[in-house]
Amino acid sequence: MTVNFRAKFVQRTNLPDSREVSFVEINPKSSADVEAMKKLSNEWYDANYAKNIYEDVVNLSSKRPRIASRVFALTSQKENFKNIESRQILGIAEMTAVNNRTTPYLEYLQVDPLMKKSGVGTSILNVLKKMHDSIELNSAVSSVGFYKKNGFELVNPARLLCKWVKK
């Protein structure tokens, strides 16, 4: 049976507490997905990255997007991704192609502020690592330890540039 999801199901994964969650790709052409991103950017306190991702999703929904990005969400929803529920989204990430480089760039990673230190960020990174052979990102000073713990190396301390390479 074929189901026409607006958000594209990528895979199931588990949080460290063994809860099963779904990793999906947000469809910027879907008004339901765009609305879910808008709600997140308004509902999550301390959600600067969520606001930036929402603005990028709106840009991607235009006929001539300025960036080549893919937006992903980790959600507690198990089915019916035709209607993504913002209150069930645990974390979001935006991967961007930068200047035709072969290494994908993690533009933003935002976890629901109520879910910090629950393994959501690590779960998102683990799925992204399965999808790519390498990932680069510029970290906030406060997040360098998190990325190092997740296998990233600080390759340019002055720019806080971190890189992960599949072994």
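Visitor: To start with, how many helices and strands are in the secondary structure of the protein chain?
Guide: This is a predicted model, and in it the secondary structure of the protein chain comes to four helices and eight strands.

Visitor: And in what order do the elements run from the N terminus on?
Guide: Starting at the N terminus, the order is β-β-α-α-β-β-β-α-β-α-β-β.

Visitor: OK, why is the chain said to be as compact as a globular protein of that length?
Guide: The radius of gyration of the protein chain is 15 Å, and the globule rule gives 15 Å for 167 residues, so the chain is as compact as a globular protein of that length. Taken along the principal axes, the box that the C-alpha atoms fill is roughly 45 × 40 × 35 Å.

Visitor: What percentage of the residues are buried?
Guide: Buried residues account for 47% of the 167 residues in the protein chain.

Visitor: Then which residues have the most contacts inside the largest nonpolar core?
Guide: Those are L106, V120, I124, L128 and F152, in a core that has 23 residues. Several elements each supply at least two residues of this core, including strand 2 (20-25), strand 3 (69-75) and strand 8 (161-165), while helix 3 gives the largest share, with five residues. As a general background point, nonpolar side chains tend to be buried together in soluble globular proteins.

Visitor: Changing topic, what is the volume of the largest pocket?
Guide: The largest pocket has a volume of about 740 Å³, and its lining is made up of 26 residues, with L109, V111, K116, S143 and F146 lying nearest the centre.

Visitor: Which element gives the most to that lining?
Guide: Strand 5 gives the most to the lining of the largest pocket, with six residues, and the elements giving two or more residues also include helix 2 (48-61) and helix 4 (144-149).

Visitor: Last one: how do the lining residues divide into nonpolar, polar and charged?
Guide: In the lining of the largest pocket, 11 residues are nonpolar, 10 are polar and five are charged.

Note on methods:
Residues are numbered from 1 along each chain as its sequence is written. This is a predicted model: local features need pLDDT of at least 70, side-chain atom pairs count only at pLDDT 80 or more; totals for chains, interfaces and linings use all residues. Side-chain values use heavy atoms; hydrogens and water are left out. On a 1 Å grid over the protein atoms alone, a cavity is a set of points where a 1.4 Å probe fits but cannot get out, and a pocket is an open set with protein on both sides within 12 Å along at least five of seven lines; lining residues have an atom within 4 Å of a point. Grid points are joined across faces, edges and corners, and a volume is the space filled by probe spheres set on the points. Ala, Val, Leu, Ile, Met, Phe, Trp, Tyr, Cys and Pro count as nonpolar, Asp, Glu, Lys and Arg as charged, and the others, Gly among them, as polar. A nonpolar core is a set of buried Ala, Val, Leu, Ile, Met, Phe, Trp, Tyr and Cys residues joined through side-chain atoms within 4.5 Å. Buried means under 20% relative accessible area, exposed over 50%, partly exposed in between (1.4 Å probe, protein chains only). The radius of gyration is taken over C-alpha atoms; the globule rule is 2.2 Å times the number of residues to the power 0.38.
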